[in-house]
Amino acid sequence: MKKLISLCGLLCGLLFSVAQEASAETTLPPKEKFYLVLLAGQSNMAGRGIMTAEDKTPYERVLVLDKSGKWVPAHAPLHYDMPTAGVGPGDTFAKLLAKSDPTITVGIIPTACGGSSLEVWKPGAYWKQTKSHPYDDAVARTQKALEVGTLKVILWHQGESDCTPQNAKTYEKDLDTLIKDFRKKFHAENVPVIIGQLSKFPGEKWSKEKSAVDKAQQDVVRKNRPAAFVKSDGLKSNPDKLHFDRDSQIKFGERYFKEYQKLAK
């Protein structure tokens, strides 16, 4: 009898646990009303803006695909690539997109990896800094998201790690290949791609390699319409002089969204 009571108690406990987990699951909207936004690139897209209490409050009608592959209410940090992850342009972009249409829910797919060059945004490539496979993970996570939502835009910010004599020479070809590959794999030939310009912090002097990467990005945009290039003029940095600060990340997100509005029309 004692064994039976104990077994019943264990069973009830398991059922209660399953019920709790089921009740915590996020209810998704219809596929055509679930607007997916792919965030890709390196640390400035992942976000390094210092967070406030406001940033940690869930955004209205915005979900994010978490590390385990579950849709959960979105708030900063959207990315989990590094412990230093914070506010990025995707936060503001997502909030503005949701606000633009009260009938939709926005689904963020975070795939940016701090410090990653285009060399690791290729099939099978491993990036030790984030202990991940940037390309493979981005493809797998996006394809999973496409089962329940509709891809509306790809936001890209990356290039600092390719401002070297060797990588700058091949940057245009590699980025062009990546964008075309994304569009093919996601059946998204007409989905807009928006590329953000590298930092132009006050007093910063660009190397010839950084200028080459900048030109390459703009050339890739021209070859992959619908696409847009977002300027970073006037944006400021964190004390590290590497990453956009919180206010600048918000402004950057606003600029990304303005370009998206133009392309969506």
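Guide: Helix 4 (residues 134–145) contributes the most to the lining of the largest pocket, at four residues. Helices (H or I, at least four residues) and strands (E, at least two) are DSSP runs, numbered from the N terminus. This is a predicted model: local features need pLDDT of at least 70, side-chain atom pairs count only at pLDDT 80 or more, and totals for chains, interfaces and linings use all residues. Residues are numbered from 1 along each chain as its sequence is written, and side-chain values use heavy atoms, with hydrogens and water left out.

Visitor: What volume does the largest pocket have?

Guide: About 240 Å³. Of its 15 lining residues, Y80, D81, C113, S132 and D137 are the closest to the centre. On a 1 Å grid over the protein atoms alone, a pocket is an open set of points with protein on both sides within 12 Å along at least five of seven lines; a cavity is a set where a 1.4 Å probe fits but cannot get out; lining residues have an atom within 4 Å of a point. Points are joined across faces, edges and corners, and a volume is the space filled by probe spheres set on them.

Visitor: How many of the lining residues are charged?

Guide: Five are charged, with six nonpolar and four polar. Ala, Val, Leu, Ile, Met, Phe, Trp, Tyr, Cys and Pro count as nonpolar, Asp, Glu, Lys and Arg as charged, and the others, Gly among them, as polar.

Visitor: Back to C113. Buried or exposed?

Guide: C113 is buried, because its relative accessibility is 6%. Buried means under 20% relative accessible area, exposed over 50%, partly exposed in between (1.4 Å probe, protein chains only).

Visitor: New topic. How many cavities of 30 Å³ or more?

Guide: One. The largest cavity holds about 40 Å³ of space. Its lining is I154, W156, L175, L178, I179, F182 and V193.

Visitor: Which helix gives the most to that lining?

Guide: Helix 5, with four residues. Strand 5 (150–157) and helix 5 (165–185) each supply at least two. By class, the cavity lining has seven nonpolar residues, no polar and no charged ones.

Visitor: Back to helix 4. What does T142 touch?

Guide: T142, which lies in helix 4, touches L38, I109 and F186, leaving aside residues up to four places away in sequence. Contact means heavy atoms within 4.5 Å. T142 is buried, because its relative accessibility is 0%. From T142 to I108 is 34 residues in sequence and 9.7 Å in space, C-alpha to C-alpha.

Visitor: Zoom out. What pattern does the chain follow?

Guide: Read along the sequence, α-β-α-β-β-α-β-α-β-α-β-α-β-α. That is seven helices and seven strands. The radius of gyration is 20 Å, close to the 18 Å from the globule rule for 265 residues, so the chain is as compact as a globular protein of that length. The radius is taken over C-alpha atoms, and the rule is 2.2 Å times the number of residues to the power 0.38.

Visitor: What about box dimensions?

Guide: Along the principal axes, the C-alpha atoms fill roughly 80 × 40 × 35 Å. Of the 265 residues, 50% count as buried. Among contacts with a separation of 6 or more, 73% join residues 24 or more positions apart.
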